[in-house]
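Please read this briefing alongside the sequence and the model.

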Amino acid sequence: MHIPDGFISVPVAAAAAVVAAGGIAGALRSSRRLPDDAAAPLAGLVAVFVFAAQMVNFPIGAGTSGHLVGGALAAILVGPSLAVLAMTVVVVVQALVFADGGLLALGLNLTNLAIVAPVVGYLVFRTVMRIAAERRAAVPIAAGLAGMAAVLATASAFSLEFWLGGTDAVDASLVAAATIGVHSVIGIVEGVITALIVVAVLGLRTDLVAGVRRPRPDVVDQGSGLAGASDGQSGTPGGQRVVSTSDSAER
Amino acid sequence: MSMEWLGQRQRGVAVVVLAGLVLSILVTTVLAPLASSDPDGLERVAEDLGFADSEAQSATADSALADYALGGVSDEGWSTRGAGLIGLVVTAGVGFVVFSAVRRRSAGHDRAR
């Protein structure tokens, strides 16, 4: 998923660097007011975990492998702004220290992995949760779809970049079809892993999942096996959460 | 913002971070050496459609840690583990600098109000 140098022309890579810089600046701006002192260290932890998880390539058959991108996971756990910053740290370290993703292609990889993946993942997660009236039972489905959509969006972004500036004469529509095709398989795995981790964290500490809000009062949440409707967690549209004292009983 | 809830999530965040770091170390040392060395999705597409040879070497390709292998370590598993652990430390270090700055600025913003 990391684009090496040479695949995409330098002008398009430079344009992507501008897009990435804009996205990172936006993330810095909207993280100017963190909900609490725990948000920053948790974002740092997410960066470390995503770095580790991206080292684990899983085989998807036909001599091909994939690894977790983690953009949707990061956004669900710490919110989209801190997720963009965490993914930026990961992608920059990978390019500079591990030669994973080209140096000239850094703007492309930041755009695809650090901006598109967490933003699309978060939008899909929140949309599904809103449709499901914030039911806890919907969390695995929402997280799974978010992970899958984030990977497909990343593959689509690469396809667009190749169409704009691919250095090889190969038909860009063939590249798009093949890239999105193989990443729909990788995306399924991404969705499953994202859902498993989000559900596990939610089960241990509801207050650590920024994307999950309190279920609507008119909704009776059944069979989620998780914290239920009375966990005392509430949310505001700004992504800030308030954890009431009743929450401490869970720990 | 009442002070009452501020401590709620704060309390135990050190434990959460510690547990997450241990989990990340386990992923790096146990799972990463087992990782598939098959080409990833993008590399596969590039090979199949014949544009893999348009790849140019990154300026950092000579890094002692390039491709998640610790230079000079012949054992593949330990080479991966070593490179991965260094990667965790570097990511944690860069993350600490970035997110400390974000937190300081956020705190300053609150005080300014």
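In this predicted model, the axes of H6(A) and helix H7 (residues 172–204) of chain A come within 6 Å of each other and cross at roughly 155°. Axes here are lines fitted to C-alpha atoms, for helices over the stretch in contact, and angles run from 0 to 180 degrees between N-to-C directions. H6(A) and H7(A) are therefore roughly antiparallel to each other, where angles under 35 degrees count as roughly parallel, over 145 as roughly antiparallel, 65 to 115 as roughly perpendicular and the rest as oblique.

Because the model is predicted, local features need pLDDT of at least 70 and side-chain atom pairs count only at pLDDT 80 or more, while totals for chains, interfaces and linings use all residues. Residues are numbered from 1 along each chain as its sequence is written, and chains are lettered from A and ligands numbered from 1 in the order in which they are written.

**Helix packing in chain A**

- H6(A) passes H7(A) in a right-handed crossing, a crossing being right-handed if the near helix is turned clockwise from the far one by less than a right angle, and left-handed if anticlockwise.
- The contact of H6(A) with H7(A) has 24 nonpolar, 10 polar and 1 charged residues, with Ala, Val, Leu, Ile, Met, Phe, Trp, Tyr, Cys and Pro taken as nonpolar, Asp, Glu, Lys and Arg as charged, and the others, Gly among them, as polar.
- H6(A) has 27 residues and spans 38 Å from its first C-alpha to its last, close to the 39 Å expected, the expected span being 1.5 Å times one less than the number of residues.
- Of the 27 residues of H6(A), 20 are buried, so H6(A) is largely enclosed by the rest of the structure; a residue is buried if 20 or more other C-beta atoms, placed from the backbone, lie within 10 Å of its own, exposed if 12 or fewer, and partly exposed in between.
- Helix H2 (residues 39–54) and helix H4 (residues 80–98) of chain A pack at an angle of about 40°, with their axes 9 Å apart, and are therefore oblique to each other.
- The crossing of H2(A) and H4(A) is right-handed, and the residues of their contact divide into 14 nonpolar, no polar and no charged.

- Chain B has 4 helices and 0 strands, where helices (H or I, at least four residues) and strands (E, at least two) are DSSP runs numbered from the N terminus.
- Buried residues make up 28% of the 113 residues in chain B.
- In all, 60 residues of chain B are in contact with 68 residues of chain A, a contact meaning that the C-beta atoms of two residues, placed from the backbone, lie within 7 Å.
- H4(B) gives the largest share of the side of chain B that touches chain A, 17 residues, and by class that side has 30 nonpolar, 20 polar and 10 charged residues.

**Positive phi in two loops**

- Most residues other than glycine have a negative phi.
- Ala133(A), in the loop between helix H5 (106–131) and helix H6 (139–165) of chain A, has a positive phi of about 55° although it is not a glycine, and Ala133(A) is partly exposed, with 13 other C-beta atoms within 10 Å.
- Tyr68(B), in the loop between H3 and H4 of chain B, has a positive phi of about 55° although it is not a glycine, and Tyr68(B) is buried, with 23 other C-beta atoms within 10 Å.
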